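Please keep the structure at hand while reading.

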Amino acid sequence: MGQTLTEKILDDHLVEGELETGEEIGIEIDQVLTQDTTGTMVWLQFEALDMDEVQTELAAQYCDHQTYQFDFKNTDDHRFLRSAAGTYGAYFSRPGNGICHQVHKENFAAPGKTLLGSDSHTPTPGGLGELAIGAGGLDIAVAMGGGEYYVEVPEIVNVRLEGELPEWATAKDVALEMLRRLSVKGGVGKIFEYTGPGAESLTIPERTTITNLGTELGATSSIFPTDEKTKDWLSRIGREDEYVELQPDEDAEYDDEIVLDLSDLEPLIAKPSMPDNVVPVSEAEGEEVEQVILGSCTNGAYEDILPGAKMLEGREIAKHTEMIVAPGSKQASEMLAREGWTAEMMAAGVNFSEATCGACIGIGHVPASDSVSLRTFNRNFEGRSGIEDDSVYLCSPEVATAAAIKGEIVDPRDLADELGDLEAPGLEMGDSYSPGMGQNDSDIISPDEAIDDELIKGPNIGDVPLKDPLGSEIEGEALLKMEDNITTDHIIPATSDILKFRSNVPKLSEFTLSRVDDTFAERAKQADGGVLVAGENYGQGSSREHAALCPMYLGIEAVLAQSFARIHKANLFNFGLVPLTIDEDTYAKIEQGDDVEIVDDVAEGIKSGKEEFTIRVNDEWEATAQLDASERERDILSSGGKLTWTKQRAEGG
Ligand code: MIC
Ligand code: SF4
């Protein structure tokens, strides 16, 4: 039987297990990436694992999320990261050089390789045929130390793209259409493989926009085959020797198939405050817009900003609307500047940001209260922009720019009719990277050029907290009952006042779940133990392991949820918290403040492979909770987390 593209890459990297859907396998990782807000923990863990040197083909440390360096804490983090990259042999991308996913795509991503990154949008270079997966920081530290990465073989879904995009519809609309159809949990346990003539018609930046947004479906990854377009793109940036032809076999069998005709697409928009709240732009028309931001890791490539620049040529944005361009990489900024587009956009009234995540996580450009902001980003979770009552819409660069011109949400086709001289800025291949560009390496310090050979830990750099091995009893208060789709932004927000404590877990944990209930951290500390209760898709969104680490630090021992997001569930195992699945009735019946006891001997049950545990609530009623865990995950739980488990294995224990 033929193989899918994903199977081919997995097969090539298989170290342990069988390639069968749902089975856990161990794969070899070629490349790792980490960024500033997850990276400090990664290197502290690498140090705690007693590692001397990076073992993967390549490791890259980016400084992208918090580049403004508001106080010494951010700068301490960045200096520590530079010193760690130098000491252990990773590439270091300096603060301001751009967002990890864009910079990695430009400089290192290669077809057929495996990439593991401590950021949920790591799958972005799937558009270049790399199999890229987001994971928690500890998984990155272990992979960097030469350990395999364990993952359940996902269902592989063929997304067959037919036809071609009509004018004004874009790759962003392909991704939004997937979200509209499948929802933010529709991709859990899946890899989407895009094929068909429609896939061939898309440029590399268009493909990477789609693979970037696959994360919002909850998918393990998304990938495109490689072809002449991939080859051409790689050669334009001087990396043609890294091209490998990769296609699924003609008789490959997929677990499922989705057909999407590109020619049926129209401009779409995700309304506040979930990426799957998608409607045609025409249905949201007329809403006054105060802020527009074009950029981020989703639409921050040179080829994403260029359409906006072309639309703005010779025009002005509306007087009551602010428009900010936040390029995904400094290289994109440099190219726009060299070609005169920066000046063109500035003349239209646009402000330029440095290449950073910034506004995407509420660092700078926070919208005014009770106002509409249109962004070309990938997430619009409530409050993520830095203000609780935000109204963030997600859309393509074209729709965002049209709104900036008109000052309200408008379908660009209607705006074109109204203005008479606005043309769809469809890009030609010649608009893509030109030869010689794309090699901006002045901001990347290679391991050979390393400045430091020992770790520099300023006062903001703390320790990695450890947990004791699992005991036989779990009993405590249900300290918080939460709804469906609780995001990691709810668990540990990322705004600037909080982000600076990512290297200082005792301090950071004071903010745990503060977006849901600001008394939580204090109550958890006083209760000294307890459990969390949640609905579906708990832990959606980011890879930040702090969303497990901080609850662990506060003494939480188990999370009872109707279902979990993939990366977060892995992070719970990694830090020794037991993720138990409960059904709808149990969820409905259990109240915040109830006393929850796991009746069975927990340590014994976990060791012996028990899948069903009995929980007793208030000594009054009982229900069943499921533990869906591999043997390895059970061992990790028993050891008190992956750090201890990895060390024990290395010592032969
Ligand atoms: C995000 O988009 O939520 C982040 C900030 O990039 C996170 C990483 C983090 O929390 O540091 C992610 O996506 O994993
Ligand atoms: Fe940065 Fe936003 Fe992309 Fe996360 S989603 S990597 S915060 S730009």
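The points below treat the ligand, the cavities and the pockets in turn. The model is predicted. Its cavities of 30 Å³ or more number 9, and its largest pocket has a volume of about 780 Å³.

**Ligand 1**

- Ligand 1 is surrounded by 14 residues, and the closest are Thr 37, His 65, Ser 120, Ser 543 and Arg 544.
- The side chain of Ser 120 places an N or O atom 2.5 Å from an oxygen atom of ligand 1.
- For Arg 384, the distance from a side-chain N or O atom to an oxygen atom of the ligand is 2.8 Å, and for a polar side-chain atom of Gln 35 it is 3.1 Å.
- On its own, ligand 1 has 330 Å² of accessible area, of which the protein covers 97%.

- The largest cavity holds about 240 Å³ of space.
- Its lining comprises 24 residues, with His 65, Asp 119, Ile 361, Arg 379 and Arg 384 closest to the centre.
- By class, the lining of the largest cavity has 12 polar, 7 nonpolar and 5 charged residues.
- Helix H2 (36-48) and helix H10 (296-299) each contribute at least two residues to the lining of the largest cavity.
- The second largest cavity contains about 160 Å³ of space, and Thr 215, Gly 218, Gly 541, Ala 565 and Ile 567 lie nearest its centre among 18 lining residues.
- Helix H21 (residues 566-574) gives the most to the lining of the second largest cavity, namely 3 residues.
- Because domain 1 (5-264) and domain 3 (475-650) both give residues to its lining, the second largest cavity lies between them.

**Pockets**

- The largest pocket is lined by 34 residues, and those nearest its centre are Glu 152, Arg 566, Lys 569, Asp 628 and Glu 633.
- Strand E8 (149-152), H21 and helix H24 (631-639) are the elements that give two or more residues to the lining of the largest pocket; the largest share, 5 residues, comes from H21.
- The lining of the largest pocket consists of 13 charged, 11 nonpolar and 10 polar residues, and at least three residues come from each of domain 1 (5-264) and domain 3 (475-650).
- The second largest pocket has a volume of about 590 Å³; of its 29 lining residues, Leu 165, Ala 169, Glu 206, Gly 426 and Leu 427 are closest to the centre.
- In the second largest pocket, the lining divides into 13 nonpolar, 9 charged and 7 polar residues, with at least three residues drawn from each of domain 1 (5-264) and domain 2 (268-426).

Note on methods: Residues numbered from 1 in each chain as written. Chains lettered and ligands numbered in written order. Predicted model: local features only at pLDDT ≥ 70, side-chain atom pairs only at ≥ 80, totals over all residues. Heavy atoms only, no water. 1 Å grid on protein atoms, 1.4 Å probe; cavity = no way out; pocket = protein on both sides within 12 Å on 5 of 7 lines; lining within 4 Å. Points joined across faces, edges and corners; volume = space filled by probe spheres on them. Helix = DSSP H or I, 4+ residues; strand = E, 2+ residues; numbered from the N terminus. Nonpolar A, V, L, I, M, F, W, Y, C, P; charged D, E, K, R; others polar. Domains from an automatic or database assignment. Near = heavy atom within 4 Å. Polar contact = N/O pair within 3.5 Å; in protein donor to acceptor, adjacent residues only side chain to side chain. Areas by Shrake-Rupley, 256 points an atom, 1.4 Å probe, with all protein chains shown as cover.
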